[in-house]
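Here's a quick briefing on the calcium sites of this protein. Take a look at the model first, then read on.

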Amino acid sequence: MTHDLPATGYTDGDVDTNSSEVTSLETLADQRFSRRQALFRGAGATTMAFMGTALLAACSDGDDDNASSVTISAGANAATSSGRLVTLTGSPASGTSGIASTAWGQTSGTTVTLTGTGSTVSFIAPAVSTATDLVFTFAVVETGGHSQTAQTTVRVSPSALGFTAVPHGLADVVAVPSGYTVTVMTRLGDPLSAGTAAYANNGSDTDFAHRIGDHGDALHFFGLSTAGARDDASSTRGLMVQNHENLNVQYLHPNGPTNVSTGPRPADEALKEIEAHGVSVAEYKDVGSRKWAYVQNSTFNRRITPNTPMAFNGPAAGSAMLFTAYSPTGKTGRGTINNCANGITPWATNLTCEENWAGYFRRDAADDAKRTVREMTAISRYGVTSRTGNFAWSTANSTDSIYTKWNATITGATAADDYRNEFNQYGWVVEIDPYDPASTPRKRTALGRMGHEGAFVRAVAGQKLGVYMGDDSRREYLYKFVSSTTYAAADAASTSRLAMGDKYLDAGTLYVAKFNADGSGQWLPLVFGQVPNRAASGSTPAYVFADQADILVNTRLAADAVGATPMDRPEWTAGNPVTGEIYLTLTNNNAAGRPLNGTDAANPRHYNDPKGAANTAQYGNPNGHIIRLREDGDTTAATTFKWDIYLFGADATDADPTNVNISGLTVDNDFSSPDGCYFSRDTNPAGQINPVLWIETDDGAMTDRTNCMLLAALPGKVGDGGAKTITNKDSTGATATQATIAGKAASAATLRRFLVGPVQCEITGIDMTPDGRTLFVGIQHPGEDGSVTAPSSHWPDSQTGTAAATVRPRSAIVAITKDDGGVIAL
Ligand code: FEO
Ligand code: CA
Ligand code: CA
Ligand code: CA
């Protein structure tokens, strides 16, 4: 929802600058016993009698709440389900003396890795599609040469959600199911170098170029070996790369910011704010048994800020539209800002996405007349309309261009004399090599310029690379980039990581999505020569594209021109690692953005979600939905697809079950305003066979009932539901019907609330260790509506006890582990 800072005009994408007449809007509107067996001794090797009749009932249905690990003695049998920790114990027959060795081995069934040696070992129950028996043998060798053996069978059922749903909550803590533990990791201001002081958290701190930034958003754990090299399989050491999207500016200075709405800004305040944006790289280490800590003095630690040199790559690099006084050739740049969601490449780089960059720029009133009509069309379409810019940085008393570049007003003779084009240097997907702190990030212009939310990369050997990207503003679009080069799996191991980015991300075709009413969809190419002129609309004249660079810099205009489907704020994209289906969160829309007659099959609801004791009306699609698509032929390069709406957000208590709570949500799984979405990694049982989808919320509509949350789901697939016609109603009482395609309704088995965050936060980034036994989650902007004199949250200090009323909140990452050591959620 909106996070409007006092008079700075900042928005998180809840804006609409799409004033184009898009024909598809109208056309789609139509449309988880222990019976230790004494081991029998015999001549030579004796096999233990197998007590095969007693499978424990516990966990046998694979769908228990708070299901836990199992411990089994040799010769006994037990049942569990995928992802749960199983411990096998054995001991020699009573009276045995002189033991040479004891060992467990696997005899049959899906191969698992046994951890430990001797008489006690453990393993994680593997992913299975049907109940599967795994047989293990415990062997005791006596010094005299005799041996004893005993078999144990573990029956593994398919994965299931194994935790009790977390109820709605308004407390100032991160709440997780019983059996799980929350560890607060890196927080706003934590030092990233040996010489940087601990964060005082009283506004006195400086040098955010060596501290964790504010508003942590997307995050990813890049594994490191003990030797300090890239190791994608490591679950004990890694580099946490996190975006820092924006600021709770009221908490960054001793008494709040000075003249933040109007300027002049003290340069030291502005510098702190600037450097608190960008991206951080911080080494994380398991100090034993999944107890996590970050390494303050790691040589890998890095900050990338709005002042970090960048390179431009791809078709728009060198375009005159990118010329600035800092970059007279348009091939370089400086800085990244409003870094929201991410994308991860197979070659282990991080794609950071520049989302709401437009508002940071100042353009004085006199600038309009100095611009060409074409420039003004583009400026309007991207909303570069602030007269101060968020936080008014350009008003700092300094001539240093780290401040002045935020003023895009034409002042010089040419574009190389001022920062008139600086805003064209943002809105890109930026590739970062986390393993090389000296590397220069590369802005990948082939992926287009927009309010980039995220960039999910689907890599299938032998196919082109596909990158799925949402543009988060009201009535913006879903995009896909398809590489020119066919993906070769061997490239994933390259040590020339950014060169792999050059290979796959600099040449290809950018498409935008059109969702048809019948559940089909098309990818429309944004290729110069194929894109028509953008038609005139109202007082805005037609826009004639000059070349491919123009289409990439002004991607929204090109998408308008081809008739893409405007959506209810496209947020994260995530791909199911088994089916390849792509999920897109559509966080919400309001009545102004999409009135009753503005619905279509893919954005079908218009309704009221009353809020609070006063039943304050919220019309439009205040709770959002999640759409998903399956490419025809299952190829990344497909130009057509099938779609349905996987889930409809709703306040289960208030919502009409027929027309609003279409997915049948209950108080255990209702949610509003989905934003982050992520599938469990396919390197562990939670991401295999029937992967767990995680859904994070950035809500303002249902916050009368609960703080923002994280849900775990076991989704089905496109087409598992069916056609549905709903009746919408607007604030005047007028009604209209809308046909759509709804996925199968949710149930307690398929959707549960896993976490509720602290006061006024949003749940942002998410990733897990490859073994799935630690989940990292971002808690962004707790206490965002509070003030420096009256902070409205004291999290994370409030997580472990009562914090003083003056303690300022901090965005932070939490590590969540299951107390019994199992895979998270299962
Ligand atoms: Fe930065 Fe659209 O969330
Ligand atoms: Ca409500
Ligand atoms: Ca987001
Ligand atoms: Ca958000």
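D675 bridges two calcium ions, ligand 4 and ligand 3, which sit 3.2 Å apart. D675 lies in strand β35 (residues 674–679), while D698 is in the loop between β36 (693–697) and β37 (709–713), so this pair, 23 residues apart, links distant parts of the chain. Strands here are DSSP runs of E with at least two residues, numbered from the N terminus.

This is a predicted model, where local features need pLDDT of at least 70 and side-chain atom pairs count only at pLDDT 80 or more, while totals for chains, interfaces and linings use all residues. Residues are numbered from 1 along each chain as its sequence is written, chains are lettered from A and ligands numbered from 1 in the order in which they are written, and side-chain values use heavy atoms, with hydrogens and water left out.

**Calcium ion, ligand 4**
- Its protein donors (N, O and S atoms within 2.8 Å of the metal, or 3.2 Å for Na, K and Ca; water isn't among the atoms, so sites may look incomplete) are D675 (OD), D698 (OD) and E762 (OE), at 2.5 to 2.6 Å.
- Along the sequence, those donor residues are spaced D-x22-D-x63-E.
- D675 is buried (under 20% relative accessible area, with exposed over 50% and partly exposed in between; 1.4 Å probe, protein chains only), at 4%.
- D698 is buried too, at a relative accessible area of 2%.

**Calcium ion, ligand 2**
- Here the protein donors are D609 (OD), P610 (O), D651 (OD) and D654 (OD), lying 2.2 to 2.4 Å from the ion.
- Their spacing along the chain reads D-P-x40-D-x2-D.
- D609 counts as buried at 3% relative accessibility, and P610 does at 17%.

Technical notes:
Helix = DSSP H or I, 4+ residues; strand = E, 2+ residues; numbered from the N terminus.
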